[in-house]
Amino acid sequence: MASPSCASTLPWTAAAFSYPRRLQTRRAPSLVIVAQGRVKKYRQVILKDDIDEISGKKGDTMKVRAGFYRNFLLPKGKATLLTPDVLKEMQLEQERIEAEKKRVKEEAQQLARVFETIGAFKVPRKGGKGKQIFGSVTAQDLVDIIKSQLNRDVDKRLVEVPEIREVGEYVAEIKLHPDVTAKVRLTVYAK
């Protein structure tokens, strides 16, 4: 009989134990990476949104750090890499926007010509002593008159009416477009 002090005869010792073939792992050959050039630290991007961090507006082409693009702009969808296809698409979009702005401005100029050639809008008010009228003529009054006579909707925030407290003729301004302002004549008379 074998003595218990002999370690080589025990079946559970490290020398006697080996892993089954299916559990043994092979070592992969070490992978060698050779850099072929410098890593690009900056990326050319086109912004899809206004971004305060880099003072960029929508549609601007900017040069940003690669990490800023990868970690902030790309996940939030605020920019795309500048490629020839994206650049061509952005130019087409800019041309479409410019054409739309031109069309809106031409419509505003046409409406301004209508307002200036129509003559004076007559505003009836209840009269007081002499030339005085009760109340005043407001932008909303002018908007209502334009709606009733020309069937045109005008926002009252775009109408500037001088302070009118007497009977007489006045000139009001309607800002139809940032570049187009129509002058409208008002004739205020007492009922």
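The lining of the largest pocket comprises five nonpolar, three polar and four charged residues. The model is predicted: local features need pLDDT of at least 70, side-chain atom pairs count only at pLDDT 80 or more, and totals for chains, interfaces and linings use all residues. Residues are numbered from 1 along each chain as its sequence is written, and side-chain values use heavy atoms, with hydrogens and water left out.

Q: Why is valine 188 called buried?
A: Buried means under 20% relative accessible area (exposed is over 50%, partly exposed in between; 1.4 Å probe, protein chains only). Valine 188 has a relative accessible area of 1%, and therefore it is called buried.

Q: With which residues is valine 188 in contact, leaving aside its neighbours within four places in sequence?
A: Contact means heavy atoms within 4.5 Å. Among the residues that valine 188 touches in this sense are Val123, Ile133, Ile164 and Tyr170. The C-alpha atoms of valine 188 and isoleucine 164 are separated by 8.5 Å, although the two are 24 residues apart along the chain.

Q: What makes Met90 count as nonpolar and Glu89 as charged in the lining of the largest pocket?
A: Ala, Val, Leu, Ile, Met, Phe, Trp, Tyr, Cys and Pro count as nonpolar, Asp, Glu, Lys and Arg as charged, and the others, Gly among them, as polar. Met90 and Glu89 both belong to the lining, so Met90 falls in the nonpolar class and Glu89 in the charged class.

Definitions and conventions. On a 1 Å grid over the protein atoms alone, a cavity is a set of points where a 1.4 Å probe fits but cannot get out, and a pocket is an open set with protein on both sides within 12 Å along at least five of seven lines; lining residues have an atom within 4 Å of a point.
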